[in-house]
Amino acid sequence: WRQYLRPRLVPIHADGRLEESDNTGRFRPTVFVLSRAVCSFSRVRLTGKNTKASAAAKLGVGFRQGYNEAQTRLVKDPGDPLQASVWSWEGDFECRNGASVATMRILPETLAREALTDGARLVRSIDGFEGQVWREGALIASRWWPAIPAGREWQHFLRAAQAPIDEEGADAPVPVDTPFRSDLPLIDTEPSNLQLTFAPARVAATAGCVLAMAAAFELSQLLTHAGTAAANEARIETSLERNGAAIDARRRAVSSAAGIEELAAVGNGKAVIEAFAAVTTEIPPEMGRIRILRVNDQLLEARLIIDADAAIDTPKLVSRLEKNNILSDVFIERQNDTTISVKATVVFDPSADEDSPSLRE
């Protein structure tokens, strides 16, 4: 995850070719590393510590290098803020993709690679090789070669930098592969790069992306709320239908139970009402008169008074009572010529109707 806290590095070769060396995080800020082959290096003495002195030094270096549209990068020495290193390059240098480096966040290759504290080294660069002399964390000398320099060229470079020379070694040192820095900030505080970062076109594009993302988020929230509202509406309608059916069943049960001499109920209110409704519906008045109807939790008992010569189809009545799903194990017994006993089990799930009141009457 740390790679997303630093910019993406894209090297630019001397021929303008872009090298996609880091393909992760396309939406991270991009730093274009300009080949040392097209950068010039200078050492300057500043006239002061303010920004005007730095700007004057960069302007002077660009003028001396003879660039038409010079771009520069100045880095002060850690131990002496009046001494600085300046890299300069042609601002209208075009890449193969048609873009000019003047419109890019540019960092000279030397500054993009890990630094040295003290000593001399030959670095393998994007194009060719760069000789470097470091002293107390500051780069005091730099020279670029298209190929590994001969021993004499290397020694001349060290003498010009007033660096120690190994008289026994006639050849240049073995080039080292120095990796790119991993501590580059997401936003460059260099004024020219800040202007690129906060250019009106980029700010407008960024604002457009932010607004588009905000609109997409709001749309997703709206769709989510709409879906939730539709689901809630469907649940309400289902609840109303169920409650309406329960109310109708209760009315029918109460109406039918008005003529029952002995009525008792203990248990889940909804189950009792449905059991009463099942019995009073499937045993109509023309079949006989229900004299006793009791529900004690899951046990239902009923006593039916019929005419002495009435014929009751017991299996059919059992099937009719059990089809309601509220009654099971229905048992019907004819006690005498005018009395029929009905017993059944009231089927209900107590956990599914925790909100239903209990009846104890």
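Modeller: Buried means under 20% relative accessible area, exposed means over 50%, and partly exposed lies in between, with a 1.4 Å probe and protein chains only. By that rule, both Arg-36 and Glu-130 are buried. This is a predicted model, where local features need pLDDT of at least 70, side-chain atom pairs count only at pLDDT 80 or more, and totals for chains, interfaces and linings use all residues. Residues are numbered from 1 along each chain as its sequence is written, and side-chain values use heavy atoms, leaving out hydrogens and water.

Biologist: What makes Glu-282 buried or exposed?

Modeller: Glu-282 has 8% relative accessibility, so it counts as buried. Its salt-bridge partner is Arg-320, with the closest N and O atoms 3.2 Å apart. Glu-282 belongs to helix α6 (residues 269–282) and Arg-320 to helix α7 (residues 314–322), so this pair joins parts 38 residues apart in sequence. Arg-320 has a relative accessible area of 25%, so it is called partly exposed.

Biologist: How do you describe the packing of α6 and α7?

Modeller: Two packed helices are described by the angle between their axes and the distance between the axes. Axes are lines fitted to C-alpha atoms, for helices over the stretch in contact, and angles run from 0 to 180 degrees between N-to-C directions. For α6 and α7 the angle is about 145° and the axes are 9 Å apart. Contact means heavy atoms within 4.5 Å; here it is made by Ala-278, Val-279 and Glu-282 of α6 with Leu-317, Arg-320 and Leu-321 of α7.

Biologist: What makes a group of residues a nonpolar core?

Modeller: The members are buried Ala, Val, Leu, Ile, Met, Phe, Trp, Tyr and Cys residues, joined through side-chain atoms within 4.5 Å. The largest such core has 28 residues, and those touching the most other members are Leu-293, Leu-300, Leu-327, Val-330, Ile-332 and Val-346. Helix α6 gives the most to this core, with six residues. Another core lies apart from it, with 23 residues including Trp-87 and Trp-134.

Biologist: How do you know that β8 and β9 pair?

Modeller: Two strands pair if DSSP finds at least two bridges between them. Seven bridges join β8 to β9, which run antiparallel, so the two strands meet the rule. One of the bridges sets Gln-132 against Ser-142 in β9. The two strands form a hairpin with two residues between them, and Glu-136 in the turn has a positive phi of about 55°.

Biologist: Is β9 (residues 138–145) mostly covered or mostly open?

Modeller: Mostly covered, as six of its eight residues are buried.

Methods
Salt bridge = Lys/Arg side-chain N within 4 Å of Asp/Glu carboxyl O. Helix = DSSP H or I, 4+ residues; strand = E, 2+ residues; numbered from the N terminus.
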